[in-house]
Amino acid sequence: INKQFETTQKNLETTQNQSRTLQKELAQLNGAINQLTLSIQGDTLSIQKLNLEIDSLNYDVKDTQASIDDKKPAINQLLIELQKNDGGASNLLMVFLKNGTLAGSVMETQSLINLRSQLSLDIQNLSDLNQTLNDKIQQSSKKKLEVQLHQKNSSARKEIVTEQKETRKV
């Protein structure tokens, strides 16, 4: 009877040790599943944030494009005006001879200088707007790639969670 009791006691201890080991493994799996679930939630939030940023960038792109479209006619008008006024005014003598008076010549010369300055400024602004537009488009593309990366990571994590849940069931 003592021998049978000792054997039963050893079997009980072995079973208890196995139970503890299985409980530790189960706790580790549950911890890993919880951690992956939190990572998935983090990816979901990152995706939502990036999508909002992409929407904002798209609005910025539309606004910048509208500004560019608004500036082009003004630049065209300045070019036409400059060409019309600069027809015979390529040098100061021609301007003087055209107007006949010094005051008129000075006014026309100043007008041409102002037109050229405005044209130069508008062209620089248009160039800056084009650069801004290109920057926004690049930022938007990068954020779209980040969204795809987060989606892939999230999908992989979901697969791992599913596998670990299946492992836990076994």
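Two residues are taken to be in contact when heavy atoms of each lie within 4.5 Å. In this predicted model, 84% of the contacts between residues at least 6 apart in sequence join residues at least 24 apart.

The secondary structure of the protein consists of 3 helices and 0 strands, arranged along the sequence in the pattern α-α-α. The radius of gyration is 38 Å, well over the 15 Å given by the globule rule for 170 residues, so the protein is more spread out than a compact globule. Along the principal axes, the C-alpha trace spans about 135 × 20 × 15 Å.

Burial was examined next. Of the 170 residues, 18% count as buried. The largest nonpolar core comprises 11 residues, namely Val61, Ile68, Ile75, Leu78, Leu82, Leu112, Leu115, Leu119, Leu126, Leu129 and Leu133. Helix H1, covering residues 2–85, and helix H3, covering residues 102–169, each contribute at least two residues to this core. The largest share, 6 residues, is supplied by H3.

The surface and the charged side chains were also characterised. The protein exposes about 12,600 Å², of which 54% is supplied by carbon and sulfur atoms. There are 21 positive and 20 negative side chains in the protein. The centres of these two sets of charges are separated by 8 Å.

Notes
Residues numbered from 1 in each chain as written. Predicted model: local features only at pLDDT ≥ 70, side-chain atom pairs only at ≥ 80, totals over all residues. Heavy atoms only, no water. Core = buried A, V, L, I, M, F, W, Y, C linked by side-chain atoms within 4.5 Å. Buried < 20%, exposed > 50% of the residue type's maximum accessible area, 1.4 Å probe, protein only. Helix = DSSP H or I, 4+ residues; strand = E, 2+ residues; numbered from the N terminus. Rg over C-alpha atoms; globule rule 2.2 N^0.38 Å. Areas by Shrake-Rupley, 256 points an atom, 1.4 Å probe, with all protein chains shown as cover. Lys, Arg positive; Asp, Glu negative; His and termini not counted. Charge placed at Lys NZ, Arg CZ, Asp CG, Glu CD.
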